[in-house]
Amino acid sequence: MKDIKLSALNLVPIREGQNDEDAINDMVKLAQDLDDLGYERYWIAEHYNAPNLVSSATALLIKHTLEHTRRIKVGSGGIMLPNHAPLVVAEQFGTMETLFPKRVDLGLGRAPGTDMMTASALRRDQHNGVYQFPEEVEQLQRYFGPDHQQAYVRAYPAVDKKVPLYILGSSTDSAHLAARKGLPYVFAGHFAPQQMKESLQIYIKLFEPSEVLNEPYVIVCLNTIVAKTDKQAEFLASTMAQIIVSITRGRMQPMKPPTDDLQGLLTPREYALTNQLYKDSLIGSEETVRKQLEDFVNEYGEIDELMAISYIYDQDQQLESYRRLQHALKE
């Protein structure tokens with residue numbers, strides 16, 4: 001447990017009563033605090049047409065965060081390749097690696113990160129973007145590779161920058177790709193735990209050593225809320241529950257304060273959904289969360305890194321949750 005590295009994912013949500021600028025400022029402040037705590041990395045998501053999130057221009061947010069932190073690695077969770085030309089992605093991240101050496105991560109996803117109408121407005125290719133994902137990962141590997149591996153078209157200043165690539169996934173398809181290419185694998189357990197066990201097993205079993213890794217490297221992202229008591233953590237988690245329900249209702253509402261009357265705000269079906277969400281999350285006191293993580297490892301196998309996403313309305317309590325998570329693992 002002590003060897004598990006800790007990281008964080010941020011979708012840059014807008015809290016109720018705040019605006020876009022406030023959300024970006026909150027993003028930077030949390031990155032600075034986690035930098036001080038010694039967290040391994042801080043990733044920013046990519047989402048479009050979501051009025052409650054400010055994470056559409058992911059590369060700009062990454063650079064902004066890098067400028068205001070000292071040590072922590074900052075990256076994408078992730079760049080959705082169907083929406084972007086690999087050449088442009090390589091140029092952007094190669095530039096950031098030039099400015100902030102050894103601190104830039106490039107997490108790559110094959111989903112559009114939005115609804116289908118918005119995806120159609122975003123995509124370079126209306127039909128084949130998702131299916132070209134493996135080939136486009138290879139293009140990025142070449143763009144970041146040494147001079148002798150380059151073709152006529154080169155991504156300056158990305159050449160030989162060796163920006164680390166991570167394959168993101170919520171299904172078995174991505175597990176096969178990460179294993180075949182010998183790249184680190186990041187599973188989105190915070191919103192799609194259904195295929196997590198099978199995907200992790202496939203990645204471990206089929207992993208092929210590469211120039212990047214000699215053995216598999218597993219990162220799992222989970223909803224994580226740690227408080228002084230189980231009761232307080234469950235109260236704080238009502239904010240996360242309201243976010244998930246707002247998505248299922250198609251409303252995309254800002255992050256709301258926690259409530260003692262969650263059951264009264266939701267339908268029976270929605271309340272059952274939130275209870276299932278809690279079961280697939282790390283929620284409780286330090287002792288409870290430590291036991292939950294031990295149970296997770298026993299069921300899913302060992303992981304190298306836990307990437308926590310914590311929807312907590314109060315920023316001080318959010319930071320306290322990350323601090324308590326760190327303490328729980330060290331114990």
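**Close-ups of a predicted model**

View 1. From α11, the residues Glu286, Val289, Arg290 and Leu293 come into contact with Arg324, Leu325, His327, Ala328 and Leu329 of α12. Sort the residues of this contact by type and you get five nonpolar, one polar and three charged. This is a predicted model, so everything in these views is computed from it. Helix α11 covers residues 286-300, while α12 covers residues 315-330. The two pack at an angle of about 60°, and their axes are 9 Å apart. Because of that angle, α11 counts as oblique to α12. As for handedness, α11 passes α12 in a right-handed crossing.

**View 2. Serine 55 sits in a loop, yet it is buried.** The loop in question runs between β2 (41-44) and α2 (58-67). Is serine 55 buried or exposed? Its relative accessible area is 0%, and buried means under 20%, so serine 55 is buried. Look for its neighbours and you'll find Leu11, Val12, Ala45, Glu46, His47 and Leu61 touching it, leaving out residues up to four places away in sequence. One of these, leucine 11, also has its backbone oxygen 3.1 Å from a polar atom of the serine 55 side chain.

**View 3. Asparagine 49 has a positive phi.** Asparagine 49 belongs to the loop between β2 and α2. Its phi is about 55°, although asparagine 49 is not a glycine. Why point that out? Because most residues other than glycine have a negative phi. Asparagine 49 has a relative accessibility of 57%, and exposed means over 50%, so it counts as exposed.

**View 4. Lysine 102 is another residue with a positive phi that isn't glycine.** Here phi is near 65°. You'll find lysine 102 in the loop between α3 (86-99) and β4 (104-109). With a relative accessible area of 67%, lysine 102 is exposed.

**View 5. A cis peptide bond joins two glycines.** The pair is glycine 77 and glycine 78, and omega is about 0°. Glycine 78 is part of strand β3, which spans residues 73-80.

**View 6. The peptide bond going into proline 157 is cis.** What is the omega of the bond from tyrosine 156 to proline 157? That value is near 5°. Proline 157 is located in the loop between α5 (133-143) and β5 (165-169).

**View 7. Aspartate 33 is a buried residue in a helix.** The helix is α1, made of residues 20-37. Aspartate 33 has a relative accessible area of 15%, so it is buried. Now find threonine 69: along the sequence, aspartate 33 and threonine 69 are 36 residues apart, and in space their C-alpha atoms are 9.1 Å apart.

**View 8. Serine 238 is buried in helix α8.** Helix α8 takes in residues 230-248. At 2% relative accessibility, serine 238 counts as buried. Which residues does serine 238 contact, leaving aside its neighbours within four places in sequence? They are Pro258, Thr259, Leu262 and Tyr278.

How values were computed
Residues numbered from 1 in each chain as written. Predicted model: local features only at pLDDT ≥ 70, side-chain atom pairs only at ≥ 80, totals over all residues. Heavy atoms only, no water. Helix = DSSP H or I, 4+ residues; strand = E, 2+ residues; numbered from the N terminus. Buried < 20%, exposed > 50% of the residue type's maximum accessible area, 1.4 Å probe, protein only. Polar contact = N/O pair within 3.5 Å; in protein donor to acceptor, adjacent residues only side chain to side chain. Contact = heavy atoms within 4.5 Å. Axes fitted to C-alpha atoms, helices over the stretch in contact; angles between N-to-C directions. Parallel < 35°, antiparallel > 145°, perpendicular 65-115°, else oblique. Left-handed = near helix turned anticlockwise from the far one by under 90°. Nonpolar A, V, L, I, M, F, W, Y, C, P; charged D, E, K, R; others polar.
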